Amino acid sequence: MAQTRTITRKKLAALGLLDFVSRTLHGVYRPPAQRSAPLKSFLVVEPWGIGDVVLSTVLLKALRLNYPDASITLLAKSHAVQLLEHSELVDEVIAFDFPWTAFSGKFAPGKYVPKEFQDLIRRLRAHDFDVSLDARRDIRSNVITYLAGARRRIGYDFGGGAHLLTDVLPSGTQNDHKISDWLALVRPLGIDPTDEPLPSLTVTESEKEIGRRTIGTLGLSTEREIVGIHPGASHVVRHWDSRKFASAIDRLVDDLNVQILLFEEKEGDSAEIAPRNPIARVRSDLRGFMALVTQCDLLLCSDSGPMHIANALGVPVTALFGPQRRDWYGPRGELDHVVQVDEMPCRPCFDACIFSTPHCMDGITVEEVVSSIESQLDRVARRS
């Protein structure tokens with residue numbers, strides 16, 4: 001089980017109270033009974049970040065493989081629409097931004113609009129789902145799938161609301177990767193995954209061609225190695241120092257003669273990364289990033305959504321891990337590598353750093369990063 005949040009006594013008490021209150025739902029509404037006919041419709045719930053949606057693709061692939069004629073719907077934020085475009089993993093994405101998934105102001109009453117939730121539940125019920133699957137271990141998700149009327153609801157025994165599920169899986173140890181959590185959900189359906197595949201996304205050949213043309217207009221050549229760099233992350237405590245990024249870039253250019261493509265999420269957000277050597281900088285939408293990263297030989301990034309995207313597209317990553325555990329959320333490709341400060345007793349802190357600056361990120365050295373990239377590029381070259 002990969003943890004998603006810090007567990008405190010206060011939170012456990014709150015979960016206990018919510019669990020007690022949620023039992024009243026049984027007296028208000030009961031979902032339809034399970035059907036004996038073949039399963040025709042699935043609801044997968046992943047309402048959090050970009051990387052979380054990418055990791056859920058291992059489950060979506062398993063469902064598509066075993067139920068090729070079934071309808072698969074994903075309940076997620078709107079970014080899932082672009083992420084899963086052309087993948088054929090889902091038939092529909094129902095986009096909804098749950099207030100409790102915000103990084104700030106998640107408990108502001110104004111964000112909880114009853115009519116929006118009513119409309120969502122009405123839309124979900126119209127699908128008459130045979131099965132819902134959720135690996136978040138969150139009572140709020142269990143309430144949603146219960147009220148959505150899914151006839152069979154598969155989830156975990158931790159996080160509250162297990163009584164709202166029809167199939168309750170044990171959380172087990174806290175040493176499994178999130179991929180394992182997702183794949184375990186299909187076992188109650190009689191599916192036993194023999195291996196743990198990597199997440200997968202799809203970029204079309206036409207998109208790749210646009211990426212190649214963009215690379216050319218930036219003055220880069222696909223005939224020489226390109227190292228993409230995405231310095232951003234959803235939480236500031238996962239950011240590596242901009243001066244270290246600049247030093248690493250200069251070392252890569254001077255010592256390895258590689259080309260650098262620096263991804264910017266918005267204009268000027270990487271202005272502090274100022275290496276001596278000239279580099280290409282680019283901004284794009286999500287699909288544009290996906291197309292461009294396929295033209296890179298490697299991506300240097302923090303523990304972030306772009307890390308998972310590159311991993312799912314088969315692009316090797318050098319991932320800088322700080323607050324989170326790599327055995328829960330790290331990249332799993334054969335050519336991937338995680339750079340981190342190994343001895344960090346406060347890990348995982350779930351981005352709630354207790355220090356003025358994140359020691360786990362500050363302790364990562366330029367030498368470690370450059371050495372990792374050099375070794376990875378050498379392995380990539382030997383395999384090509």
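**Figure 1. Aromatic pairs in the predicted model.** In this predicted model, the count of aromatic pairs comes to nine. Rings are taken as a pair if their centres lie within 6.5 Å. One of these pairs is formed by Phe98 and Phe117, whose ring centres are 6.2 Å apart and whose planes make an angle of 50°. The Phe98 and Phe117 pair is classed as tilted. Phe98 belongs to the loop between strand S3 (92-95) and helix H5 (114-127), while Phe117 sits in helix H5, so the pair ties together parts that are 19 residues apart in sequence. Both Phe98 and Phe117 are buried. Ring pairs also link Phe98 and Phe117 with Phe96, Trp100 and Tyr112 into a cluster.

Figure 2. The cut-off for buried is under 20% relative accessible area.

**Figure 3. The contact of helix H8 with helix H10.** Helix H8 covers residues 205-217 and helix H10 covers residues 286-293. The axes of H8 and H10 come within 8 Å and cross at roughly 75°. Angles of 65 to 115 degrees count as roughly perpendicular, which means that H8 is roughly perpendicular to H10. From H8, the residues in the contact are Glu207, Gly211, Thr214 and Ile215; in H10 they meet Arg287, Ala291 and Leu292. Sorted by class, the contact of H8 with H10 has three nonpolar residues, two polar and two charged.

**Figure 4. The open sheet of six strands.** The six strands run in the order S9-S8-S7-S10-S11-S12, and their pairing is parallel. Which strands stand at the edges? They are S9 (280-283) and S12 (337-340); each has a single partner strand, so one side of each is left without a neighbour in the sheet. On average, neighbouring strands of this sheet are turned by 20° against each other, direction ignored.

**Figure 5. Strands S7 and S10 in the sheet.** Strand S7 spans residues 226-230 and strand S10 spans residues 298-302. Four bridges join S7 and S10, which pair in the parallel sense. For His230, the bridge partner in S10 is Cys301.

Methods: Residues are numbered from 1 along each chain as its sequence is written. This is a predicted model: local features need pLDDT of at least 70, side-chain atom pairs count only at pLDDT 80 or more; totals for chains, interfaces and linings use all residues. Side-chain values use heavy atoms; hydrogens and water are left out. Axes are lines fitted to C-alpha atoms, for helices over the stretch in contact, and angles run from 0 to 180 degrees between N-to-C directions. Helices (H or I, at least four residues) and strands (E, at least two) are DSSP runs, numbered from the N terminus. Angles under 35 degrees count as roughly parallel, over 145 as roughly antiparallel, 65 to 115 as roughly perpendicular and the rest as oblique. Contact means heavy atoms within 4.5 Å. Ala, Val, Leu, Ile, Met, Phe, Trp, Tyr, Cys and Pro count as nonpolar, Asp, Glu, Lys and Arg as charged, and the others, Gly among them, as polar. Two strands pair if DSSP finds at least two bridges between them. Rings of Phe, Tyr and Trp (its six-membered ring) pair if their centres lie within 6.5 Å; planes under 30 degrees apart count as stacked, over 60 as edge-to-face and the rest as tilted. Buried means under 20% relative accessible area, exposed over 50%, partly exposed in between (1.4 Å probe, protein chains only).
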